[in-house]
Amino acid sequence: MSDVTLDEIVSLCKRRGFIYQGSEIYGGLSGTWDYGPLGVALKRNVMNLWWKMFVEDREDMFGIDAAILMNQKVWQASGHVDTFTDPMVECQHCKSRFRVDHLVDNDEYENETKEYFTRSLAFVDSLPAKYEEYSQEQVAQIGDIFGHAQTPATYPNQTTKELREYLSSNQEQAKKYLGNFPRLYLMRSAKKCEKCGSIEWGDTRTFNMMFETKVGPFADTVTIKPPRTIEAGEEIALGGPTGWWIKPSENTVYLRPETAQGIFTNFKNVVDSLHPGLPFGLAQQGKAFRNEVSPRDFVFRSREFEQMEIEYFVHSDRWEEAFEQWRLAVHEWTKALGLPEEKVHELEAPETDRAHYSKRTIDFEFDFPHGRDELLGLAYRTDFDLMNIQNATGKSMEYQPKDGGPAFVPHVIEPSFGVERAIMAALTSAYTEDEVNGEKRTYLKLPTHLAPVKVAVFPLLKNKPELVAKAREVYAMLKKEFGAVMWDDNGNIGKRYRRQDEIGTPHCVTIDFQTLEDQTVTVRNRDTTEQTRIKIADLIAGLD
Ligand code: GAP
């Protein structure tokens, strides 16, 4: 755990213009955040640092900036339409909704789900061949297993064989599809609703986290896969196996839930236009959107956030070596953010917790104020994505080595970074309290390359034109050099120091009467609070 509380971070961010609640003036929009003048500066510093470290400073990395709106086929081929889902339950009493995995003891739940899955398969095997031959009890149990939308009335032509095939093909995703099991489990373990304390739970619904929108001036339509057709105006029930009978209309598009697919879909373009030697990587920064069921912990889990992702393409024989190189590179990154080594932890994700595309994943966790939680991920995605694209489009994703060796579809190592979590971790690490002259002081000990303001310039008194004129001269000189320079002539110097400390400004420069005599200024260091006199002519070098 960290020493600083989440409330302290949130309060500082709001008070000093780093981060505000999205749409706050209209009552807010949950899971969205707006960056104020200092927040946007910090965010840009984080993103520029990443770009410099992982793109500009390397020979084997190139940038990409793909569109946020992508053809829906991208997300069908990637598996997101079918599997980017969370099972949710609703409290029967207050109607609050929760993700099942946030309510349960995951190990125990996992084991019980597996047992339930095995029993369900055995039950399906014991059924008569056709739906219409099922007894009332069997129908009810089918509802329990698959969700209550799954009944002979809904699917008159469904065969038991198809039902079994469906259940088997989703074995790995069992926890997400077992209709009524989560509800029964929660009731049995007397899990209370976090909002109202009730233990009455409703059916489980699967919920796709992608935000949908429509392109073009088309009617809002949904196509239902045969055998059932939908009546005009009929409300489509949630529940039942996702992606089975609801098919998005042709004009449906999704706001990207990860930036990664914009890289994979451009792999061939880059290879054909730039002809990079393998291994090489493509990097992208940009917005991602997820309709998180319960956004939480400030910007940690947001519905709109920023990712910085790398897809590093290698020959399948070399993936372990590349994975290790990126593991070390991730530690370099956390150091550059100013995170203490002992607060960064590697968690090897067990198979059951890995995303559908991954053969190995390390979650890098950090001791956030709310507890240890995921900062970023490193995954071995195999050739999953390029093969999906190849199969879906019929276009070859093979790479032809320059030495004339046989062509192959590259495998991929993916370091995936979240900007908001990097900012939260950097703020948590930087937040410091000490005592100066008997008074409590709060300051952000940010690395200089992240500080939103590099240096602040103060005229000692704002009603002495000669001091102000000299201070303006110094300010102009520093601004030209460093850009992020702040002018402050408000209140006594002590208060101005405190204001700059709180936003992490490494240096404050004061122009006083002595400056007018000997062309020296006072430079005050944020961390030590020490003040030294430096000649204006030496100031730029002295601040580096
Ligand atoms: N392309 C792989 C991928 O997207 P992920 O683990 O789902 O993997 C990668 O996301 C990173 O994106 C996470 O480690 C985290 O830093 C960030 N991230 C994911 N969901 C987020 C959310 N709802 N709010 C803020 N950051 C998020």
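Me: What angle do H2 and H15 pack at, and how far apart are their axes?
Reply: In this predicted model, helix H2 and helix H15 (residues 419-430) pack at about 110 degrees, and their axes are 10 Å apart. That angle makes H2 roughly perpendicular to H15, because 65 to 115 degrees counts as roughly perpendicular.

Me: Which residues meet there?
Reply: From H2 there are Leu42, Lys43, Val46 and Met47. In H15 they meet Val419, Glu420, Ala422, Ile423 and Leu427.

Me: OK, H2 and H13 next. Where do these helices sit in the numbering, and at what angle do they cross?
Reply: H2 covers residues 37-56 and H13 covers residues 319-336. Their axes come within 11 Å and cross at roughly 145 degrees.

Me: Left-handed or right-handed?
Reply: The crossing of H2 and H13 is right-handed.

Me: Which residues make that contact?
Reply: On H2 they are Val46, Leu49, Trp50, Met53 and Phe54. H13 brings Trp326, Ala329, Glu332, Trp333 and Ala336. By class, the contact has nine nonpolar residues, one charged and no polar ones. Val46 of H2 is listed in this contact and also among the residues that meet H15.

Me: Zooming out, how many helices and strands does the protein have?
Reply: The secondary structure comes to 19 helices and 24 strands. The protein has 544 residues, and 51% of them are buried.

Me: What share of the contacts is between residues 24 or more positions apart?
Reply: Taking contacts with a separation of 6 or more, 67% are between residues 24 or more positions apart.

Me: And how much accessible surface is there?
Reply: About 26100 Å², with 50% of that belonging to carbon and sulfur atoms.

Me: Change of topic, the backbone. Is the peptide bond from Leu278 to Pro279 cis or trans?
Reply: The bond is cis, with omega near 0 degrees. Pro279 is in the loop between helix H12 (267-274) and strand S12 (280-289). Most peptide bonds are trans.

Me: What is phi for Asn437?
Reply: Asn437 has a positive phi of about 50 degrees, although it is not a glycine. Asn437 lies in the loop between strands S18 (431-436) and S19 (439-444). Most residues other than glycine have a negative phi.

Me: Is Asn437 buried or exposed?
Reply: Asn437 is exposed, at a relative accessible area of 76%.

Me: Where is Gln519 found?
Reply: Gln519 is in the loop between helix H18 (513-518) and strand S23 (520-525). Phi of Gln519 is positive too, near 60 degrees. Gln519 is partly exposed, with a relative accessible area of 35%.

Terms used: Residues are numbered from 1 along each chain as its sequence is written. This is a predicted model: local features need pLDDT of at least 70, side-chain atom pairs count only at pLDDT 80 or more; totals for chains, interfaces and linings use all residues. Side-chain values use heavy atoms; hydrogens and water are left out. Helices (H or I, at least four residues) and strands (E, at least two) are DSSP runs, numbered from the N terminus. Buried means under 20% relative accessible area, exposed over 50%, partly exposed in between (1.4 Å probe, protein chains only). Contact means heavy atoms within 4.5 Å. Accessible areas come from the Shrake-Rupley method with a 1.4 Å probe; for residues, only the protein chains shown count as cover. Axes are lines fitted to C-alpha atoms, for helices over the stretch in contact, and angles run from 0 to 180 degrees between N-to-C directions. A crossing is left-handed if the near helix is turned anticlockwise from the far one by less than a right angle, and right-handed if clockwise. Ala, Val, Leu, Ile, Met, Phe, Trp, Tyr, Cys and Pro count as nonpolar, Asp, Glu, Lys and Arg as charged, and the others, Gly among them, as polar. Angles under 35 degrees count as roughly parallel, over 145 as roughly antiparallel, 65 to 115 as roughly perpendicular and the rest as oblique.
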